[in-house]
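Here is a set of questions and answers on how the terms used for a structure follow from its values. Please look at the sequence and the model first.

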Amino acid sequence: MAELHTGRLVLRRWQDSDLEPWAVMNTDPEVREHLGDLLTREQSDASVAQFQAEFDQRGYGWWAVHLQATGEFIGFAGLDPVDDDMPFTGVEIGWRLARSAWGQGYATEAALAGLASGFETLELPEILAVTTATNLRSQAVMRRIGMTRDAADDFDDPTAPEGPLRPNVLYRIARGVSV
């Protein structure tokens with residue numbers, strides 16, 4: 001799964017040219033609002049190195065997302081196994097976009113491509129999505145792509161400090177559910 005193409009986006013492996021705009025995103029307080037502390041350039045670069053290593057190991061992961069029309073890097077999207085310290089297991093879908101890309105349907109478009117890849121190529125039986133209880137924008141994307149939430153699955157993120165980042169919601173979608 002080297003690349004995915006949608007009507008407006010390309011989801012692809014990371015390139016050196018992505019490091020600078022990714023680092024800028026990771027210093028934007030609005031982009032990081034539901035994620036925690038801002039990242040230094042070194043932390044940001046290290047995250048890309050980790051994304052690349054995990055992609056090499058598994059054959060899937062977090063893709064860099066750019067606009068087909070201009071080649072502009074706008075964020076990331078993809079699939080990743082749930083962290084071991086979570087109270088559930090599976091593969092989650094996620095996305096993070098630069099503020100300039102918000103409100104244009106790109107997250108939904110990228111997420112639908114990720115779901116299709118997860119179900120058709122990886123043959124996953126189910127895909128999960130997790131976010132903070134206060135991240136209403138991401139929850140709206142989860143609903144738009146056909147995911148559903150059972151409040152009984154909501155949890156406190158054991159890796160987050162006490163505060164607004166700790167309460168999380170869990171959305172799910174099974175293979176075969178049409179959007």
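This is a predicted model: local features need pLDDT of at least 70, side-chain atom pairs count only at pLDDT 80 or more; totals for chains, interfaces and linings use all residues.

Residues are numbered from 1 along each chain as its sequence is written, and side-chain values use heavy atoms, with hydrogens and water left out.

Q: What makes strand 3 mostly covered?
A: Buried means under 20% relative accessible area, exposed over 50%, and partly exposed in between (1.4 Å probe, protein chains only). Six of the six residues of strand 3 (residues 62-67) are buried. Strands are DSSP runs of E with at least two residues, helices are runs of H or I with at least four, and both are numbered from the N terminus.

Q: How do you know that strand 3 and strand 4 pair, and in which sense?
A: Two strands pair if DSSP finds at least two bridges between them. Strand 3 and strand 4 have five bridges and run antiparallel, with glycine 78 in strand 4 as the bridge partner of tryptophan 62. Their hairpin has five residues between the strands, and glycine 71 there takes a positive phi near 80°.

Q: Which sense do strand 2 and strand 3 take, and how many bridges join them?
A: They run antiparallel and are joined by four bridges. Valine 65 in strand 3 is the bridge partner of leucine 11.

Q: Why is the pair of tryptophan 14 and phenylalanine 73 called tilted?
A: Rings of Phe, Tyr and Trp (its six-membered ring) pair if their centres lie within 6.5 Å; planes under 30 degrees apart count as stacked, over 60 as edge-to-face and the rest as tilted. By this rule there are nine aromatic pairs. For tryptophan 14 and phenylalanine 73 the centres are 5.6 Å apart and the planes are at 50°, which makes the pair tilted.

Q: What does the pair of tryptophan 14 and phenylalanine 73 tie together?
A: Tryptophan 14 is in the loop between strand 2 (9-12) and helix 1 (19-25) and phenylalanine 73 is in strand 4 (residues 73-81), so the pair ties together parts that are 59 residues apart in sequence. Both tryptophan 14 and phenylalanine 73 are buried.

Q: What makes arginine 58 a charge over the ring of tyrosine 60?
A: A charge sits over a ring if NZ of Lys or CZ of Arg is within 6 Å of the ring centre and within 35 degrees of the ring normal. The charged end of arginine 58 sits over the ring of tyrosine 60, 5.0 Å from its centre.

Q: How do you know that the length of helix 3 agrees with its number of residues?
A: The expected span of a helix is 1.5 Å times one less than its number of residues. The 16 residues of helix 3 should therefore span 22 Å, and its end C-alpha atoms are 22 Å apart, which agrees.

Q: Why is helix 3 called largely enclosed?
A: Twelve of its 16 residues are buried, so helix 3 is largely enclosed by the rest of the structure. Among the buried residues are Tyr106, Leu115 and Phe119.
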